[in-house]
Amino acid sequence: MERRYSDMTVEELRDSVAQLTEQARKAEQMGMVNEYAVYQRKIIMAKSYMMNPGDFKPGEVYEIDGDPGMFFEIDYMNGIFAWGTRKDQNGAIHGEQGEEALPISMFGSKVN
C-alpha cells in the first residue's frame, strides 16, 4: 500500500521522486503517453511536499514551469496548493473559471 506524500519524510519523498522519474522515463520510451502523464503529476505533487508553503504569499506572481509566457498570481494558499489566476505576459486572465489551484512545485521564478 502506498503512503501519502504528506506522511513521508523529505528523504522518502526524494526516493519516491527518483522512482517515479524512472517509471516516467520507461513509460515515455514505451509510448505510454497517459501513464507518463500520471507519473509526471505524481512527481509534481511529491516535490510540492518538499517545499515550504509559507514561502508563497497572496499577491505574489510566479512563472509557471512548463508553460512559457504564463504566470500565476496567488490569491490564497491551502496547504501545498496556491489558489489564484493564470495570466499571460500582458496580464490577461486565462482559464475557463478564472480561479484555479496549482501545486507550488509548478512555480518557477517569482515575478514581483
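I began with Ser-48, which is buried, its relative accessible area being 0%. I take buried as under 20% relative accessible area, with a 1.4 Å probe and protein chains only.

The model is a predicted one, where local features need pLDDT of at least 70, side-chain atom pairs count only at pLDDT 80 or more, and totals for chains, interfaces and linings use all residues. Residues are numbered from 1 along each chain as its sequence is written, and side-chain values use heavy atoms, without hydrogens and water.

Next I looked up where Ser-48 sits: it belongs to helix 2, residues 33-48. Helices are DSSP runs of H or I with at least four residues, strands are runs of E with at least two, and numbering goes from the N terminus.

Then I asked what Ser-48 touches beyond its neighbours within four places in sequence. I found Ile-80, Pro-103, Ile-104 and Ser-105. Contact here means heavy atoms within 4.5 Å.

I moved on to the whole protein. I noted 2 helices and 5 strands. Along the sequence I read α-α-β-β-β-β-β. The C-alpha atoms fill a box of roughly 40 × 30 × 25 Å along the principal axes.

I checked burial overall: 32% of the 112 residues are buried. Among contacts with a separation of 6 or more, 41% join residues 24 or more positions apart.

The protein exposes about 7,200 Å², and carbon and sulfur atoms supply 50% of that. This area comes from the Shrake-Rupley method with a 1.4 Å probe.

Technical notes: Buried means under 20% relative accessible area, exposed over 50%, partly exposed in between (1.4 Å probe, protein chains only).
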